[in-house]
Amino acid sequence: MTARQLPAQQQPAQQRSARQPAAQQPPVIQIRHLTKAYGHGDATVHALRGPLAPGTGEPEGVSLDVEQGDYVAVMGSSGSGKSTLMNILGCLDVPTAGRYLLDGIDVGHLDEQQLSLVRNRKIGFIFQSFNLVPRTTALAQVELPLAYAGVRAAERRRRALAALSLVGLSERAGHRPNELSGGQQQRVAVARALVTAPAMLLADEPTGNLDSRSTRDVLAIIDDLNASGRTVVLITHEDEVAEHAKRVLRLVDGQIVSDVRQAPVDGPPPALRALAGARP
Ligand SMILES: Nc1ncnc2c1ncn2[C@@H]1O[C@H](COP(=O)(O)OP(=O)(O)OP(=O)(O)O)[C@@H](O)[C@H]1O
Ligand SMILES: [Mg+2]
């Protein structure tokens, strides 16, 4: 895989004008008949199974397309398969059966090294527990994915500072995680996720450990990133968080039982639509 096949390495500050009509792009995510089972025999857990085939009763698997620029909230009770789905979408785990095309690439055909390249270049991860490196400054945390991608030091620093500025943390670049509030730590994690200009942001309960003020701050940043063209898939338990998405999927027992569109793919996310409508 070469840099030319990857999304333009734009600077975060310039990404606002990067939106392109969804119709011209292939879906970022195409999954077909995807299943994930853990264990064997009677102890098998079908974490992702989709509907059961009428004749055989076998799991048919989950199928789903996510368009470029969409903002999808995945909801469902504990154990319904949300993290299993997210881990497969993020190429952190492999399905038991089925196909997954990420940006048109069949990731089932990639080896470990190619998968880690895909993770690094195409996906930005945000986790509930921030997953920052201890005793490491905010600037160094955000530079890390660029270091893995082989970006030179001066460019790394410039882009990491731009990403920190985008999340409002320019003043905290030299702070270590234990010198930051929870909300600030999550904003560092968001800066780290977006600094490589990935095609897709994957967030597993990104506001699960935050108070309501920090939740608002982090969601506002994610809303802005989506408005500038980033595809977002976000797992949440909370209706107030799901209201920010353009589309809401509900999982029950490893199956998508509802898929509701709240706003068009090709437009601002709901929270920003209200603002856009208010302008002359
Ligand atoms: N490594 C594993 N081995 C066996 N079973 C697993 C494993 N990981 C997940 N499971 C099972 O798969 C099902 C789906 O788990 P998953 O973590 O995807 O749920 P979730 O929707 O993310 O739940 P939560 O909201 O609690 O995070 C659960 O029944 C879980 O017990
Ligand atoms: Mg989970």
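Which residues are around ligand 1? They are Tyr38, Gly39, Val45, Ala47, Gly76, Ser78, Gly79, Ser80, Gly81, Lys82, Ser83 and Thr84, where a C-beta atom, placed from the backbone, lies within 6 Å of the ligand. This is a predicted model: local features need pLDDT of at least 70, side-chain atom pairs count only at pLDDT 80 or more, and totals for chains, interfaces and linings use all residues. Residues are numbered from 1 along each chain as its sequence is written, with chains lettered from A and ligands numbered from 1 in the order written.

**Ligand 1 shell**
- Strand E2 (45-48) and helix H1 (82-89) each give two or more residues; helices (H or I, at least four residues) and strands (E, at least two) are DSSP runs, numbered from the N terminus.
- H1 gives the most, with 3 residues.
- The shell has 3 nonpolar, 8 polar and 1 charged residues.

**Helix H3**
- In H3 (residues 138-148), Ala138, Leu139, Gln141, Val142, Glu143, Pro145 and Leu146 are buried (20 or more other C-beta atoms within 10 Å of their own, placed from the backbone).
- These buried residues pack against H2 (112-122), H4 (153-166) and H5 (182-194).

**Helices H5 and H6**
- The axes of H5 and H6 (residues 212-227) come within 9 Å and cross at roughly 15 degrees.
- The two helices are therefore roughly parallel (angles under 35 degrees).
- Gly182, Gly183, Gln186, Arg187, Val190 and Leu194 in H5 meet Arg213, Ser214, Asp217, Val218, Ile221 and Leu225 in H6 (C-beta atoms, placed from the backbone, within 7 Å).
- The residues of this contact divide into 5 nonpolar, 4 polar and 3 charged.

How values were computed:
A residue is buried if 20 or more other C-beta atoms lie within 10 Å of its own, exposed if 12 or fewer, and partly exposed in between; C-beta atoms are placed from the backbone. Two residues are in contact if their C-beta atoms, placed from the backbone, lie within 7 Å. Ala, Val, Leu, Ile, Met, Phe, Trp, Tyr, Cys and Pro count as nonpolar, Asp, Glu, Lys and Arg as charged, and the others, Gly among them, as polar. Axes are lines fitted to C-alpha atoms, for helices over the stretch in contact, and angles run from 0 to 180 degrees between N-to-C directions. Angles under 35 degrees count as roughly parallel, over 145 as roughly antiparallel, 65 to 115 as roughly perpendicular and the rest as oblique.
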